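I opened this notebook to record how the parts of one protein chain are arranged and how they meet. The entries follow the order in which I looked things up.

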Amino acid sequence: MRIIDLQEWKSLVRHHHSFKQTHLKDLFAADPQRAQKFSLEAAGLYIDFSKNLLTSQTLSLLLNLARAVELPKEMKRMFAGEKINQTENRAVLHTALRNCSDDPVDFEGKNVMPQVKQVLAQMEHFCEQLTQGQWRGYTGKRIRNIVNIGIGGSDLGPVMVYEGLKSYSNREITLRFVSNLDGSHFFEQVRDLKPEETLFIIASKSFTTQETMTNAQTAKDWLLEHLNSPEAVKQHFVAVSTNLEKVREFGILSENMFPFWDWVGGRYSVTSAIGLPLMISLGIKNFHRLRAGFHEMDQHFQTSPLEKNLPVILGLIGIWYNNFWGTETHAVFPYSQSLHHFPAYLQQLDMESNGKGVDRDGELVSYQTGPIIWGEVGTTGQHAFYQLIHQGKKLIPCDFIGFARPLHEMGDHHPKLMANFFAQQKALAFGKSVQELQAEGVKDALLPFKSFLGNRPSTCILAEQLTPEILGSLIALYEHKVFVQGILWNIFSFDQWGVELGKQLATEILSELQGPESADQRHDSST
Ligand code: F6P
């Protein structure tokens, strides 16, 4: 049965109809305990969702819907290593990568934890060799620069976490990332680096991705141009991949490949060997702190009842807006410069997972699925697009992410930053009425322009400080939220067939762009 035909869905449609004129102002006035009632804490995160357009009844109807689609059973299937990524015939076990307990994780009757630990040990050994200067470049110089070449999940996670936790990084090692096919990216990232002190990590699950393989070849040419011997490749290139054959073909020794497995999706891979540049830069201990944060949220998700389960609650609130209020987008505003790549990371996580239009039975879906994810750090965004969120015609649910303590005490920067963090959420929820403006003596002609209707929803996500554990927990929160929504929408969240057509056409067009003849006849009048 389609989800929209369920009684639980229809009850929500009716509930929305009777609720939609309610103002947050009235909800707060009617219940002085509202914030306490609608907030939860787990894995170092305090989440206040009281400034959302909902009541206890809304939540209980949403929870009924989650039960109707057997969400708990679906969660168990993921953690149990079932092949829930059906169209690729794969299990989804990224939670094993950060399993810090002694519990086994079975896949096809075999515990995967020994392999996970073996690769972690291989990564640790490599990091020690690099940082202690035992691993050297071809000319005997120490490696001082690491360049990670990858794209999508083989880039966005490491980039985001590196930027997020830069304060914890080893500043003696330069870490750069190259992802784009645009040659300027490679050019700019290596222009001030010495090849004899540079190590490339070629990160690609498939080791066939056009962007990554093109940049890897350019890196090889760049290195060989300076070092003049094909032997140099062995000491200046390592790989992170599932494809040993292709790695060897490229000239990387098999012992210098850090493997992972097809049960790790690219966008869920940051704690696999894909995190190698992070382990090098942040240090072994901090990498494990990051894993521990992920694990804490995984455990919370796996064991908490639905009504106290943060990813479940956030997932359901998202469904409420997306499917009953008709919102198209979801915004994420970290009030932390370190998290400036977080929205871009979430875009792949959420939109590549839930941007689907066919259900798990292969039928076209007749309801909305994954939202458009976007965002920017605060307070930067306030001076650019917040105008539209406050006074525009679109309803945009927002997540505000903030920290009680800064990473760097600098005068009064932090209290000012956090004052803005709280102020924006308050302004969105409660607005400013014509009466309030009149009391301030605002001229009549300006009243319509200066008033704020309010009633714009936001969720407040607070943590003590941006630590490796907290970042891990935050990422896992969003990962599981995406999972929950995928189950409710009855779509496959772990494949990404929608990226294939463009790749295929680009291959055809490339041969035409590089070929001798005009391709006019083969395409439509525009292409
Ligand atoms: O094109 C999409 C995609 O397959 C992503 O899912 C993936 O993270 C990215 O490309 C990179 O793939 P790979 O790690 O195999 O190079």
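This is a predicted model: local features need pLDDT of at least 70, side-chain atom pairs count only at pLDDT 80 or more; totals for chains, interfaces and linings use all residues.

Entry 1. The centres of domain 1 and domain 2, taken over C-alpha atoms, lie 33 Å apart. I then noted the bounds: the domain assignment gives domain 1 as 35-69 + 304-499 and domain 2 as 94-286.

Entry 2. I turned to the contacts. On the side of domain 1, 27 residues are in contact with 19 residues of domain 2.

Entry 3. I looked up the area buried between domain 1 and domain 2 and found about 1900 Å². Carbon and sulfur atoms give 62% of that area. Which three residues supply more than any others of the area that domain 1 buries against domain 2? I found Tyr345, Gln348 and Pro468, which supply 30% of that area.

Entry 4. I next examined the polar links. Between domain 1 and domain 2 I recorded two salt bridges. I also recorded twelve residue pairs in polar contact between the domains, both residues at pLDDT 80 or more. A salt bridge joins Glu352 to Arg267, with the closest N and O atoms 2.7 Å apart.

Entry 5. I asked which elements give two or more residues to the side of domain 1 that touches domain 2. They are α16 (342-354) and α21 (468-489). I finally sorted the residues on that side of domain 1 and noted 13 nonpolar, ten polar and four charged.

Notes:
Residues are numbered from 1 along each chain as its sequence is written. Side-chain values use heavy atoms; hydrogens and water are left out. Domain bounds come from an automatic or database domain assignment. Contact means heavy atoms within 4.5 Å. Buried area is the accessible area (1.4 Å probe) that two parts lose on being put together, summed over both. A salt bridge is a side-chain nitrogen of Lys or Arg within 4 Å of a carboxyl oxygen of Asp or Glu. A polar contact is a pair of N or O atoms within 3.5 Å; within protein, one must be able to donate a hydrogen and the other to accept it, and residues adjacent in sequence count only if both atoms are side-chain atoms. Helices (H or I, at least four residues) and strands (E, at least two) are DSSP runs, numbered from the N terminus. Ala, Val, Leu, Ile, Met, Phe, Trp, Tyr, Cys and Pro count as nonpolar, Asp, Glu, Lys and Arg as charged, and the others, Gly among them, as polar.
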